[in-house]
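Biologist: Could we go through how the parts of this chain meet, taking the contact step by step?

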Amino acid sequence: MTRKIEQSRKLQRRAEQMIPGGVNSPVRAFRAVGGEPPFIVRGAGSHLWDADGNEYIDYIGSWGPQILGHAAPLVVDAITNAARNGTSFGASTPAEADLAEIVLSAFPHMQKVRFVSSGTEATMSAIRLARAYTKRKYIVKFEGCYHGHADALLVKAGSGVATLGIPGSAGVPEEFTQFTLALPFNDTDALEQAFKKFRHQIACVIVEPVVGNMGCVPPARGYLEGLRAITERDKTLLIFDEVMTGFRLAFGGAQELYAIHPDLTTMGKIIGGGLPVGAYGGPSEIMDLVAPLGPVYQAGTLSGNPLAMAAGLATLRHLKEHKKEIYPRLDKLSGELAAGVALAAKEAGVPICYNRVGSMFTWFFAPCPVTDWNSAAKSDTEAFGRFFRAMLENGVYLPPSQFEAAFLSAAHTEEDIQQTIATAKQAFALAHA
Ligand SMILES: *Cc1c(COP(=O)(O)O)cnc(C)c1O
């Protein structure tokens with residue numbers, strides 16, 4: 001297959017005249033991998049079609065939300081039905097408590113949840129709340145973890161930022177990040193030292209329990225338990241940022257998979273079923289500090305939007321009802337795919353190391369093991385770029401950055417997996433020639 005790119009190229013040039021880089025989120029510009037980003041005109045199940053008529057097997061799934069595949073009929077119906085009754089009222093609708101109920105059923109440590117419109121808003125609000133609850137200033141995050149683009153969190157923030165080689169971001173005064181401590185992931189000693197130095201001053205530790213934003217990096221055995229114990233000891237809130245992992249690694253997210261209860265949880269992506277929704281939640285004692293009950297201000301014109309609630313509700317109901325089949329199948333197919341491609345690399349003499357948890361995975365063009373940002377950063381991003389472009393050229397759409405996790409959806413088939421492995425074999429053979 002030779003990919004046609006004429007239309008996508010035209011659309012990109014047109015967009016570039018009006019939108020910075022032609023994109024509304026930087027990674028879409030393909031700067032880290034080169035080549036022409038396809039303009040997508042349609043998705044169905046596990047496949048996408050671009051403006052030139054090329055078809056792709058998709059492993060991005062809108063960066064996570066599309067766990068049921070693109071244009072899942074039950075989600076499209078839910079959105080359509082909701083839209084007929086009006087798209088936004090700025091007043092409460094019954095669907096908000098419906099979505100809250102199913103979210104709370106998935107996360108037993110949460111008694112209350114507040115919906116926002118993005119993951120960025122969710123983490124920003126959770127941190128504000130943690131600072132208010134503890135009356136402390138410092139926050140701890142980990143190198144390579146991304147928690148959205150709020151000022152205080154744009155420190156050593158993984159994928160998008162790392163890919164572009166920007167340590168933080170221009171436009172963020174040092175004073176705004178002076179209370180942000182960035183520590184290496186999977187390093188309990190570093191955390192102990194920070195807690196010694198800033199005793200009773202750390203409001204919260206925010207973590208991606210399985211990191212997706214430096215590529216997929218799982219927690220080392222006992223690491224999350226250590227985080228829980230250390231934060232509890234110092235009365236610091238532990239925030240699991242499950243924007244990516246929530247409803248993906250298990251219906252109850254990473255905290256179900258690893259059996260750890262954080263104090264606050266942030267969510268996004270799948271919770272909106274492909275529409276813009278984020279959420280943060282925890283025990284009532286903490287959540288009741290949020291306005292109008294308490295002094296922590298947080299609001300949103302389109303928060304709890306009826307279309308978004310309908311899409312989220314349809315998605316979560318389906319996942320909950322079929323979780324016994326969906327999650328094991330995602331795990332099995334993802335395992336086949338991740339290992340199959342790694343084997344193809346090995347046979348071609350291309351050194352790669354892969355990490356996978358459930359339906360999140362990354363092939364690092366790096367020495368094993370990849371356990372934190374420093375080891376991920378050893379990746380040969382040129383080699384990844386060649387692999388990425390060869391896959392795209394032959395109908396497989398992977399995340400356009402070495403430092404992003406790929407995702408499987410429930411719509412992917414055994415045939416998709418086998419075709420992808422065959423495509424990878426070709427790609428590695430080419431790389432070797
Ligand atoms: C995607 C992501 C965010 C940001 O969510 P947006 O909806 O893009 O603002 C925050 N945290 C994690 C872990 C994410 O993967």
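Modeller: Across the interface of domain 1 and domain 2, nine residue pairs are found in polar contact, both residues of each pair being at pLDDT 80 or more; the model is a predicted one.

Biologist: How many salt bridges does the rule find across the interface of domain 1 and domain 2?

Modeller: A salt bridge needs a side-chain nitrogen of Lys or Arg within 4 Å of a carboxyl oxygen of Asp or Glu. Across the interface of domain 1 and domain 2, the number that the rule finds is zero.

Biologist: Which element gives the largest share of the side of domain 1 that touches domain 2?

Modeller: Helix 12 (323-347), strand 11 (353-357), strand 12 (360-364) and helix 13 (373-376) each supply at least two residues of that side of domain 1. The largest share, four residues, comes from strand 12.

Biologist: How many residues of the side of domain 1 that touches domain 2 are nonpolar?

Modeller: The contact takes 32 residues from domain 1 and 37 residues from domain 2. On the side of domain 1, eight residues are polar and four are charged, while the nonpolar residues number 20.

Biologist: Which three residues supply more than any other three of the area that domain 1 buries against domain 2?

Modeller: The area buried between domain 1 and domain 2 is about 2,700 Å², and carbon and sulfur atoms give 67% of it. Of the area that domain 1 buries against domain 2, 23% is supplied by three residues, namely Val357, Met360 and Trp373.

Note on methods. Residues are numbered from 1 along each chain as its sequence is written. This is a predicted model: local features need pLDDT of at least 70, side-chain atom pairs count only at pLDDT 80 or more; totals for chains, interfaces and linings use all residues. Side-chain values use heavy atoms; hydrogens and water are left out. Contact means heavy atoms within 4.5 Å. Buried area is the accessible area (1.4 Å probe) that two parts lose on being put together, summed over both. A polar contact is a pair of N or O atoms within 3.5 Å; within protein, one must be able to donate a hydrogen and the other to accept it, and residues adjacent in sequence count only if both atoms are side-chain atoms. Ala, Val, Leu, Ile, Met, Phe, Trp, Tyr, Cys and Pro count as nonpolar, Asp, Glu, Lys and Arg as charged, and the others, Gly among them, as polar.
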